[in-house]
Amino acid sequence: MTRPVNVAILGATGSIGQQALDVIDRNPSRLRLFGLTEGRRSARRTADHMIQGQAGDSDFDARVEAMVTDPRCDLVLVAIPGARALAPTLLALKAGKEVALATKEVLVMAGALVMKAAGERGLRPVDSEHSAIWQCLWGERSEHVRRLIITASGGPFWAHPDLDLDQVTVDQALNHPRWSMGPKVTIDSATLMNKGLEVIEAHHLFGIALDHISVSIHPQSVVHSVVEFIDGSMKAQIGRPDMRLPIAVALGYPERLPDAVPPAQLEELSGLEFHALDESRFPSVRLARQAAVAGQGRPAVLNAANEEAVNAFLVGAIPFSGIVQTVEAALNAYPGGGESLPEILEADRWAREFVKAGVRGAPSGRLKA
Ligand code: MG
């Protein structure tokens with residue numbers, strides 16, 4: 001029998017990291033915890049590498065580099081939120097490791113560079129929509145794919161068209177109707193920016209043109225995404241809204257791990273809804289597409305401005321509707337740059353400074369778009 005796969009988890013204290021530990025614990029003959037990084041000390045565990053701290057700190061960065069390039073490490077799960085995940089993802093890929101990616105920001109910022117580093121083996125998506133598309137594509141030929149349809153729960157505000165988005169509170173925005181996730185992705189889900197980021201993520205992961213990727217609001221979050229083929233056939237992946245399933249798919253590939261989640265009951269699936277996205281109320285997906293088409297570092301600006309704006313909203317510095325307005329203001333002000341790694345990091349730095357200066361300078365916390 002082959003030995004278990006040695007898994008390193010970057011970001012073990014977050015929601016994805018904790019659920020990944022659960023998946024590993026339940027599959028001891030197939031998966032072994034090789035190492036982890038954590039922002040704060042959590043449950044006591046044993047692994048070859050136990051690293052505490054934050055990416056960006058030199059001691060932490062050096063120890064992570066040693067962990068993800070360790071010859072015994074087979075698979076790295078990247079679950080550090082936000083742009084800080086880019087450097088360790090590139091390190092793991094360049095060391096030839098399999099990478100399961102939960103942090104979509106990495107592909108939004110630097111998709112072309114990351115996919116080049118991944119080469120033929122590609123990346124294993126952990127995002128539920130992309131896991132769904134990945135599973136639908138197994139055994140299919142790329143020239144047979146016509147369109148990807150990414151489903152969106154719509155977040156907590158989509159179903160309330162009369163709600164004033166200037167007035168919603170942090171608690172309301174963090175109260176997601178379907179998924180239990182970390183605060184960044186939960187706010188992104190409420191602004192629909194999460195879907196904008198996911199369109200760019202899918203474009204890079206699967207090599208599909210941006211105008212062949214659409215978004216459909218599906219409040220039940222049971223159909224996780226759909227692939228349409230050239231003959232008119234459509235494949236969807238169905239499952240309960242539980243992140244342990246896409247995590248298990250990514251860690252177990254090409255095997256399927258038994259009983260990752262209880263299966264959905266078909267009899268409970270009556271009344272599934274699909275709706276067009278109202279882009280005038282939620283312009284995030286349009287902004288993200290435009291940034292990706294225009295390139296020159298704009299996706300990195302979109303991503304960094306969004307991260308900073310979400311942070312500003314969470315501390316009460318700007319209203320909810322100010323998040324997307326801030327991202328749009330940053331994209332409008334950005335002069336454009338190059339697409340090498342240093343240039344992308346510079347675009348990221350520029351956007352963060354732009355948003356912080358705007359939030360500091362505007363007494364109302366409102367930037368003009
Ligand atoms: Mg998702």
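**View 1. Leu 192 in the loop between helix H7 (183-191) and H8.** Helices (H or I, at least four residues) and strands (E, at least two) are DSSP runs numbered from the N terminus. The model is predicted, so local features need pLDDT of at least 70 and side-chain atom pairs count only at pLDDT 80 or more, while totals for chains, interfaces and linings use all residues. Residues are numbered from 1 along each chain as its sequence is written, and side-chain values use heavy atoms, with hydrogens and water left out. Leu 192 has a relative accessible area of 1% and is therefore buried (under 20%; exposed is over 50% and partly exposed in between, with a 1.4 Å probe and protein chains only). Between Leu 192 and Phe 282 the C-alpha distance is 6.5 Å, although 90 residues separate the two in sequence.

**View 2. The magnesium ion and its protein donors, Asp 127 (OD), Glu 129 (OE) and Glu 198 (OE).** Donors are N, O and S atoms within 2.8 Å of the metal (3.2 Å for Na, K and Ca), and sites may look incomplete because water is not among the atoms. Along the chain the donor residues follow the spacing D-x1-E-x68-E. Both Asp 127 and Glu 129 are buried.

**View 3. Aromatic pairs around Trp 138.** Seven aromatic pairs are present in the structure. In one of them, the ring centres of Trp 134 and Trp 138 are 5.2 Å apart and the planes stand at 80°, so the arrangement is edge-to-face. Rings of Phe, Tyr and Trp (its six-membered ring) pair if their centres lie within 6.5 Å; planes under 30 degrees apart are stacked, over 60 edge-to-face and the rest tilted. Trp 138 also pairs with Tyr 253, and here the centres are 5.4 Å apart and the planes at 45°, so this pair is tilted. Trp 138 belongs to the loop between helix H5 (128-137) and strand S7 (145-152), and Tyr 253 to the loop between helix H9 (244-252) and helix H10 (284-294), so the pair ties together parts 115 residues apart in sequence. Trp 134, Trp 138 and Tyr 253 form a cluster linked by ring pairs. Trp 134 is buried at 12% relative accessibility, whereas Trp 138 is partly exposed at 27% and Tyr 253 is partly exposed at 32%.

**View 4. The second largest pocket, with a volume of about 400 Å³.** Its lining has 20 residues, and those closest to the centre are Trp 134, Leu 137, Trp 138, Leu 205 and Phe 206. H5 and helix H8 (193-206) are the elements that contribute two or more residues to this lining. On a 1 Å grid over the protein atoms alone, a pocket is an open set of points with protein on both sides within 12 Å along at least five of seven lines, a cavity is a set where a 1.4 Å probe fits but cannot get out, and lining residues have an atom within 4 Å of a point. Grid points are joined across faces, edges and corners, and a volume is the space filled by probe spheres set on the points. By class, the lining of the second largest pocket comprises ten nonpolar, four polar and six charged residues (nonpolar: Ala, Val, Leu, Ile, Met, Phe, Trp, Tyr, Cys and Pro; charged: Asp, Glu, Lys and Arg; polar: the others, Gly among them). The pocket lies between domain 1 (5-126 + 243-263) and domain 2 (132-240), because both give residues to its lining; the bounds come from an automatic or database domain assignment.

**View 5. The largest cavity, holding about 50 Å³ of space.** There is one cavity of 30 Å³ or more. Ser 128, Ser 131, Gln 135, Trp 179, His 224, Gln 237, Arg 240, Asp 242, Leu 245 and Pro 246 line the largest cavity. H5 and H9 each supply at least two of the lining residues, and H5 has the largest share, with three. The lining divides into three nonpolar, five polar and two charged residues. Gln 237 sits in strand S10 (residues 234-238) and is buried at 10% relative accessible area. From Gln 237 to Trp 134 the C-alpha distance is 9.5 Å, across 103 residues of sequence.

**View 6. Asp 348 in helix H13 (residues 341-361).** With a relative accessibility of 10%, Asp 348 counts as buried. The C-alpha atoms of Asp 348 and Asp 59 are separated by 23 Å, and the two residues are 289 residues apart along the chain.
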